[in-house]
Every structure is written in C-alpha cells, then in structure tokens.
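Hi,

Here is the structure I promised to pass on.

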Amino acid sequence: MPTKEWLEKYEKIRKNLSSNMNLDAYFTEKVIGNVHIDTLNIGTVHFPTGTIFACDPLIELSEAQPYIQTVPAGTYPVTICVVPSEEYGDRYACVKVSINSQVPVRYEMGMVGMEDLDGELGEDEFFGFFVDAGMGCIADIKSQELFKKYWEQREREEEDIDVYNDLFFELLEENAKSHPKYQCDGGDWLNWTIPGTDCNIPIFTAGWGDGVYPCYFGYDAQEHICGVYIRFIDIEKDYEP
C-alpha cells in the first residue's frame, strides 16, 4: 500500500499524470495518422475484486503490484488494437479492457504507489511496467493469488520448470493455430484460465518488444472508469514517414 507521504505527493501532481492522447481512437478509428489499424477481440477478463495489475507474465506474474485505481468487480471484454504491416510485422499497439460503454473524456496514468514522485516527468515520459520477455498481461489480484497456488503446486511436483517453456509455450502455439489472425506461429496472445478456477489472465505481445509501458484508466463524463488501456505504441509518432 502507498504511504501517506506518497499519497500526499501524488495528489499534488495527479493532474500532470494524464494523457492527452485519445487512446479510445485506437479502437474506434480505422486510420490514425497515415496508418491503417484494426482490432482483435480476445474474449473477456474476469476481475473478481476489481483491484488489478499489468506486468510481463513471464517475469513477474507472482510479484506484480496492483494499481491504486480500481474498477468495479466484473467480467469485461478485452480488445487489441493491431497495426498490420508486412514491413514491421503485425504489431499490438494498445490493449483495452472495456468497463462500460461510455466514452472517455480523460485518461489517468495507472500508479502502484511505489513510483518516485520527486522528479518531474518530461513531455514523453511516464511511469509503467517493465517488459523483459516481450509479453504483457492484465489481471485481477485474485487471479494472481490463484496462479501462485497453481504454480507452487506444479513446482512441488516437477523439477526445474519455468513459466514460459513449461506452461505458456505450447498454449501460445495451440492458440495461434486455432486463432491465426494477427499471430505468428509461436503465438502472440492467449486468454488463459487458471486450471480449476473461473479466473483468467489475458496475455499478449508487447508492441515493439521489451521496454517500459504505461497503463491508463479512462474516465467518462460522470467520473466513472469506463476503460483500462495498456499503450504499447504511439502510432502517430512511431510510424512517422
């Protein structure tokens, strides 16, 4: 949990941690800048508590900290904005979890309460989660808890296993065969349900690969969170001629 001191600092700069980018356009428009885009629906995600996190699932699925922003508990559609390209490959530019049908009027940066707020962010700077294995995910802390139990049991029964080679590798390949659109043979997304539970973890390739990526909470005119967005690519900037 964030400290009182951190929260006081956060409230002073909170307005400066918003995004001027219209992230919802990634899911409503066909062209951004001069770039044609498309969307890919990958099912739903179950948020039983509404306290959620995003991380690289191959690196810190068990340890990732949740955002201080929360959403209503429920099950919500997950959509990926794709930039199809023969030159660069099909890239996932943004992932959206639709909380309600309203249109965002502002976007607030997702924060976990451990960020260093003493420095000033530059125009193109942000706080985000680290990707070191080329993948991202978004899930509820209940799913995180259930995954820990599942994986600890696997580790007791099997020696020298890892999350990618002994879990997600084959599942990603199988999913790519079943849903080949905008996927390479090795798989680019997977909506995985933890065995024996009703909790799932959608995972997906992260834009250009390893790096740091922000999550934004979109607020509607009534100040309700209407969407959660993981932005991997600034399309207009990154695809400039």
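This is a predicted model: local features need pLDDT of at least 70, side-chain atom pairs count only at pLDDT 80 or more; totals for chains, interfaces and linings use all residues.

Residues are numbered from 1 along each chain as its sequence is written, and side-chain values use heavy atoms, with hydrogens and water left out.

A word on the names: helices (H or I, at least four residues) and strands (E, at least two) are DSSP runs, numbered from the N terminus. Two strands pair if DSSP finds at least two bridges between them.

**The sheet**

Strand β5 (residues 74–83) pairs with β6 in the antiparallel sense over six bridges. On to β14 (residues 225–231): this strand and β6 are antiparallel too, with five bridges, and Gly227 in β14 is the bridge partner of Ser98. Strand β6 itself (residues 91–98) is mostly covered, with seven of its eight residues buried (buried means under 20% relative accessible area, exposed over 50%, partly exposed in between, with a 1.4 Å probe and protein chains only).

These strands belong to an open, antiparallel sheet of six, in the order β3-β5-β6-β14-β13-β7. β3 (38–47) and β7 (106–109) are at the edges with a single partner strand each, so one side of each has no neighbour in the sheet. On average, neighbouring strands here are turned by 25 degrees against each other, direction ignored (axes are lines fitted to C-alpha atoms, for helices over the stretch in contact, and angles run from 0 to 180 degrees between N-to-C directions).

**Two helices**

Helix α3 (residues 141–157) has 17 residues, which should span 24 Å at 1.5 Å a residue, and its end C-alpha atoms are 25 Å apart, which agrees (the expected span is 1.5 Å times one less than the number of residues). Ser143, Gln144, Leu146, Phe147, Tyr150, Trp151 and Arg154 are buried in α3. Seen down the axis, they fall within an arc of 165 degrees, so they line one face of the helix (the arc is that of the directions from the helix axis to the C-beta atoms). Exposed Lys149 and Arg156 sit on the face turned away from that buried side. At the start of α3, a side-chain oxygen of Asp140 comes to within 2.8 Å of the backbone nitrogen of Lys142.

In α4 (164–178), the buried residues are Leu167, Phe168, Leu172, Asn175 and Ala176. Their arc is 125 degrees, so they also line one face of their helix, while the face turned away carries the exposed Glu170, Lys177 and Ser178. What do the buried residues of α4 pack against? The answer is β9, α3, β10 and β11, where contact means heavy atoms within 4.5 Å.

**One last residue**

Tyr10 lies in helix α1 (residues 4–13) and counts as buried, because its relative accessibility is 2%. Leaving aside residues up to four places away in sequence, Tyr10 touches Leu17, Ile68, Gln69, Glu108, Met111 and Leu117. Tyr10 and Met111 are 101 residues apart in sequence, yet 9.4 Å apart in space, C-alpha to C-alpha.

Cheers

Terms used:
A polar contact is a pair of N or O atoms within 3.5 Å; within protein, one must be able to donate a hydrogen and the other to accept it, and residues adjacent in sequence count only if both atoms are side-chain atoms.
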